[in-house]
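The sequence and structure come first.

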Amino acid sequence: MALDAQTIQAAVDAAHRDCTTRTGGANASYIPYLASVDPSLFGVAVVTVDGAACTAGDSDAEFAIESISKVFTMARAMADVGPVEFHRKIGADPTGLPFNSVSALELHNDKPLSPLVNAGAMSSVSLVTAVDTEQRWSRILQTQRAFAGREIRLSVEVNASEQATNFHNRAIAWLLYGGGAMYSDPMEACDVYTRQCSTLITTEDLATMGATIAAGGTNPVTHEHVVDAELVPHLLAEMTMEGMYTSSGDWAYTVGLPGKSGVGGGVLSVAPGKLAIAAFSPPLDPVGNSVRAMAAVAQVAQALDLSLYKVPGAGDPPLDPLVKG
Ligand code: DON
């Protein structure tokens, strides 16, 4: 299928229109700030590897990046220590358990398994080369900015809300430290991880971040080289394995693209070498993935025939198994 701007815009508009009426889910409530976000906000965006953007709805509304930040910190840490050491220290397999699971650590000798669950994300933060907390934070923030091509900022409000309630993550950080899988001061890693989740992005920013991955690590809008192309397959593989948490298999089964979600309501999928699709809507299913954003990204992916697993000419799979009740 020809991926011209008109075809993409039509797919984005249709997904926004069709999915607006989709109800179900609830804002994340364990982070007080997220509970207060307007649940009716809904944006959809595609950015191509040529830097063209197609948007619909509230695509310029800012929201908390949350777990989607894990992909960009993974890129930073992997570039710093190298993909072999990164893989040896963190792993690349799905845990099969919720994103903040303590049992997953207990079951695997305190090894995080994946950089896209909270434990592995804090381990990743601890692997970023830095002499102190502020340098660690600044290098991670700079990485988010380079992927987005915009001066992404920390929300003082979101960060305060998360830092005041992140006791579970602090416990995980100490467990990792006890198990030898934490490579900086554990509370420093937890602090910086909490900040990296508390930056504000728009749906279009998110699509640009994904398009940088799709383009092999060079931002298609600013043309800045952000991460080596050799590291991109590791990012995409990990997004496939754990990006949508315990729905990652369902996402691969139906949409057939690497994906990543955050409890702020953002969902990203990347079609390597082509484009990235992003959507934002706050209400989440019980797994922690946005109900409306998943539906919209899935619809655009299918309309543009982007599944990596589909044989040319074959029909489309039903998208129904996506939302977990
Ligand atoms: O650490 C946390 O729990 C949040 N800051 C981020 C979790 C998250 O986004 C999981 N995603 N669906």
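## Glu66 and its surroundings

Setting aside neighbours within four places in sequence, Glu66 is in contact with Ile31, Leu34, Val158, Glu162, Cys197, Gly262, Val263 and Gly264. The model is predicted. Glu66 sits in the loop that runs between strand 3 (63-64) and helix 3 (69-81). With a relative accessible area of 3%, Glu66 is buried. Two of its contacts, Ile31 and Glu162, are also among the residues that lie nearest the centre of the largest pocket.

Glu66 and Lys310 are 244 residues apart in sequence, and their C-alpha atoms are 31 Å apart in space.

## Domains

The protein is divided into domain 1 (5-66 + 200-303) and domain 2 (69-196). The contact between them takes 34 residues from domain 1 and 36 residues from domain 2. Between the C-alpha centres of domain 1 and domain 2 the distance is 21 Å.

## The largest pocket

The largest pocket holds about 200 Å³ of space. Its lining consists of 18 residues, and those nearest its centre are Tyr30, Ile31, Asn118, Glu162 and Asn169. By class, the lining has seven nonpolar, eight polar and three charged residues.

Both domains take part in this pocket: domain 1 (5-66 + 200-303) and domain 2 (69-196) each give at least three residues to the lining. Among the helices, helix 9 (167-178) and helix 10 (186-197) each supply at least two lining residues.

## Cavities

The count of cavities of 30 Å³ or more is two. About 70 Å³ of space lies in the largest cavity. The lining divides into six nonpolar, three polar and three charged residues.

The second largest cavity contains about 60 Å³ of space. Thr95, Pro98, Phe99, Asn100, Ser101, Ala104, Leu105, Pro112, Val117, Asn118, Ala119 and Ile172 line it. Helix 5 (103-107) and helix 6 (118-127) each contribute at least two residues to this lining. Here the classes are eight nonpolar, four polar and no charged residues. Asn118 lines this cavity and is also one of the residues nearest the centre of the largest pocket.

Where does Ser101 lie in the chain? Ser101 is found in the loop between helix 4 and helix 5. At 11% relative accessibility, Ser101 counts as buried, because the cut-off for a buried residue is under 20%.

Ser101 and Ile172 both line the second largest cavity. In sequence they are 71 residues apart, while their C-alpha atoms are 8.5 Å apart in space.

## Helix 6

How many residues of helix 6 are buried? Helix 6 is mostly covered, with 10 of its 10 residues buried. The buried residues are Asn118, Ala119, Gly120, Ala121, Met122, Ser123, Ser124, Val125, Ser126 and Leu127. Two of these, Asn118 and Ala119, line the second largest cavity.

The cover over the buried residues of helix 6 includes helix 3, helix 4 (83-90), helix 5, helix 7 (133-148), helix 9 and helix 10. Of these, helix 9 and helix 10 also supply lining residues to the largest pocket, and helix 5 supplies lining residues to the second largest cavity.

## Cysteines

The model has zero disulfides. Cys54 is in no disulfide, and the nearest cysteine sulfur, that of Cys19, is 17 Å away. Cys54 is buried at 5% relative accessibility.

Cys197 is likewise in no disulfide; for Cys197 the nearest cysteine sulfur belongs to Cys190, 9.4 Å away. Cys197 is buried, with a relative accessibility of 1%. Cys197 is also one of the contacts of Glu66.

Methods. Residues numbered from 1 in each chain as written. Predicted model: local features only at pLDDT ≥ 70, side-chain atom pairs only at ≥ 80, totals over all residues. Heavy atoms only, no water. 1 Å grid on protein atoms, 1.4 Å probe; cavity = no way out; pocket = protein on both sides within 12 Å on 5 of 7 lines; lining within 4 Å. Points joined across faces, edges and corners; volume = space filled by probe spheres on them. Nonpolar A, V, L, I, M, F, W, Y, C, P; charged D, E, K, R; others polar. Helix = DSSP H or I, 4+ residues; strand = E, 2+ residues; numbered from the N terminus. Domains from an automatic or database assignment. Disulfide = S-S within 2.5 Å. Buried < 20%, exposed > 50% of the residue type's maximum accessible area, 1.4 Å probe, protein only. Contact = heavy atoms within 4.5 Å.
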